[in-house]
Amino acid sequence: MKRKIFVLSLLLVLLVSLAVPTAAETLDNVTDAAGLLTTDQQQALERRAEEISQTYELGVYVIAVDDFTRYSKKPDIYDAQVELFDRYGLGLGEDRAAAVFFISMETREFVLDFNSDRAHYAFTEKGRDLMEDRVLPYLRDNDWYGAFNEFLNVCQEDLEAAQAGTPVGYGEVSRNDSQEGGFSILLFVPGVLAAAITGVVLVAPMRSAGKKGQADDYAVPGSMQLTRQSDHFLRRTVTRTPRPKQNSSSSSGGSVSHSHSSGSHSGRSGKF
Amino acid sequence: MPNETVQYKCPACTGPLHYAQGSGKLECDYCGSSYSPEEIEALQNPDAQKAVQAFEEAQEEQENWVLSQAGSDWGADEKKLRAYSCPNCGAELICEETTAATSCPYCGNPTVIPGNLSGARKPDYIIPFAKTREDAVAALKKHYSHRPILPRSFMKDSHIQEVKGVYVPFWLFDARVEADMTFNATRSHSHTTSDEIITETDHYLVHRAGSLEFEKVPVDGASKMPDGHMDAIEPYDYSGLKPFSMSYLPGFLADKYDVSREDSSRRARERCASSTENALRETVLGYSTCVTTGKHVHIHPGDVKYALLPVWLLSTQWQGKNFLFAMNGQTGKLIGDLPIDKKRLWGYIAGAFAAATVLLGWLFV
């Protein structure tokens, strides 16, 4: 009897352990949970994404949901996407290399996420700028198929360039780099101020001749008489400015760059 | 173009007298006697002086040279020039029509040319020179010092070409200015909520009207004097104003005005109006912004006086350019633009930039 119970328990454990990868395999390269694509469009994109993934051994995914908060308790869309990535075991190879284009229709937000060093090599920061610039216009025009197709186009181009040893935008300064370089620019501000003050202090005594526009020295002391003095309240205007959210990420061009602490994810998110 | 001259002579030795700013008296270079201007004025007999100092017309001699080709007609310049004969050495001299006092370049004799004052108003006041030529030269040297971007060659190669003590004609304007002004002013305050910064701005219509009086606003009446220089050596201490007397003039150059009261009044009006507007603006207090939206300024002109004020003019030349410096002959305030060594200026600017950047980098990086 004890032997039967042991065998049944072992089978149960095996079933449970096999159930997770089975669930992960159910997520296609193109998942349209928001109902944005026709069947033909979805199938065409799926074939194309699979082909790219297999060719370059790097998973390329498009995921569209109606509201990301239905799939994750994470309040931030990027964190929610990373959670889904892990939950469904996305990525190819031991390093789970992947490029993910994730959109949530409720809040009209998008995520471009790249996992593993191979993905980071192929999709440089500058390359991600270009990807954003090419894909987001389609999203803004509600051309969902166009956006996903363009994402796959860019992925293919970037992966091909990386395979040739010349990743797109390699060594070039991205918007995010220049944003982070903002500190460097700020570093020069005191120098510029010091230079300007030095120039004024040195030049001003060299130019002592000049016409006077006023006659303050000749005003009779105590002769000032105010004959009318009135202050009338006209109106009140109220300006409300959203407080900047505390975020360790840097923002650029309407998107926010992320580097995730739980793995080798990096990417950007924003609204469209 | 003959003209008459006045030379104050020493009652003791008949030597020429000149005004000494240190003692405030007319002093004789030859016997050392000194007299107050009032004493000398009392000793002058105008009729006798005119007779003694009447111009002796030169006798035209017959020459064998072709005189008709020597020189030409003065043309339009004739009206701008005056000729006079030095009463000390007899030299025939030419000066500008506005020169009222000068000195002979041959014998150094200080001379007043009252003829050049004819047709012009007599000055009401004069402020005698309180600073000497040596004071002016010392002030110029001080003006050069502690100027890191002054070209070194300017210090070495520029030489003072001329130092002139000049009584410059000034019009002194009194005025009362009334102004009526309106402003748009705002007062703002901000507070923050959990997700917003709320800024409330109150807008006000501010109205101010008032008047301000001005006394003896100076405007130089000599067109050849740069206004920028004359304005910059202001102010004069009007407690030193004295009733005009020609006895203060010997030893200095003096000009009569060639810019009329009417023409000079424009600058006085502008300066008084601007000061009144600023005074009214300064009564608008307690606002974070204040923008003038309307103004009406009315000037009530008052008395106008004519005064000769003392100025030391120093000119230097460097690399073919003239540099003019002016010193207030009463207070000693000296002004004048100096040349700039651009390489050194940029060096200092670059140094300041580098030092500040390195310091900040060291502190924060």
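**Entry 1: conventions**

I note that this is a predicted model, in which local features need pLDDT of at least 70 and side-chain atom pairs count only at pLDDT 80 or more, while totals for chains, interfaces and linings use all residues. Residues are numbered from 1 along each chain as its sequence is written, and chains are lettered from A and ligands numbered from 1 in the order in which they are written. Helices (H or I, at least four residues) and strands (E, at least two) are DSSP runs, numbered from the N terminus. Two strands pair if DSSP finds at least two bridges between them.

**Entry 2: the partners of S9(B)**

I followed S9(B) to its partners. Opposite His159(B) I found Gln317(B) in S13(B). With S10(B), S9(B) pairs in the antiparallel sense over 22 bridges. Two residue pairs show this: Arg187(B) has Asp202(B) of S10(B) as its bridge partner, and Ala179(B) has Gly210(B). With strand S12 of chain B (residues 253-255) the sense is parallel, over 2 bridges. There, Val166(B) stands opposite Leu253(B).

I then looked at Asp157(B), which lies in helix H4 of chain B (residues 152-157). Asp157(B) counts as exposed because it has 12 C-beta neighbours inside 10 Å. For this term, a residue is buried if 20 or more other C-beta atoms lie within 10 Å of its own, exposed if 12 or fewer, and partly exposed in between, with C-beta atoms placed from the backbone.

**Entry 3: a sheet of chain B**

I recorded an open sheet of 3 strands in chain B, with the order S1-S2-S3 and antiparallel pairing. Its edge strands are S1(B) (17-20) and S3(B) (34-35), each of which pairs on one side only. S2(B) (residues 25-28) and S3(B) are joined by 2 bridges. In that pair, Leu26(B) has Tyr35(B) as its bridge partner.

**Entry 4: where chain A touches chain B**

Which element of chain A gives the most to the side that touches chain B? I began with the totals: 48 residues of chain A and 55 residues of chain B take part in the contact. Two residues are in contact if their C-beta atoms, placed from the backbone, lie within 7 Å. Helix H8 (182-203) and strand S5 (225-242) of chain A each supply at least two residues. S5(A) gives the most, with 18 residues. By class, the side of chain A that touches chain B has 21 nonpolar, 16 polar and 11 charged residues. Here Ala, Val, Leu, Ile, Met, Phe, Trp, Tyr, Cys and Pro count as nonpolar, Asp, Glu, Lys and Arg as charged, and the others, Gly among them, as polar.

I also found that S5(A) pairs with S10(B) (residues 196-220) in the antiparallel sense over 16 bridges. Arg240(A) has Ile198(B) as its bridge partner, and Phe233(A) stands opposite Tyr204(B).

Chain A has 8 helices and 8 strands. Of its 272 residues, 33% count as buried.

I examined H2(A) (residues 39-56) and H6(A) (residues 144-163), whose axes come within 11 Å and cross at roughly 10°. The two helices are therefore roughly parallel, a term for angles under 35 degrees. Axes are lines fitted to C-alpha atoms, for helices over the stretch in contact, and angles run from 0 to 180 degrees between N-to-C directions. The residues in contact include Leu45(A) and Ile52(A) of H2(A) and Phe148(A) and Leu152(A) of H6(A). By class, this contact has 9 nonpolar, 4 polar and 1 charged residues.

**Entry 5: backbone details**

Most residues other than glycine have a negative phi, and most peptide bonds are trans.

- Glu57(A), in the loop between H2 and strand S2 (59-65) of chain A, has a positive phi near 50°.
- Asn142(A), in the loop between helix H5 (125-140) and H6 of chain A, has a positive phi of about 60°.
- The peptide bond from Glu234(B) to Pro235(B) is cis, with omega near 0°.

Glu57(A) counts as exposed because it has 11 C-beta neighbours inside 10 Å.

Note on methods: Angles under 35 degrees count as roughly parallel, over 145 as roughly antiparallel, 65 to 115 as roughly perpendicular and the rest as oblique.
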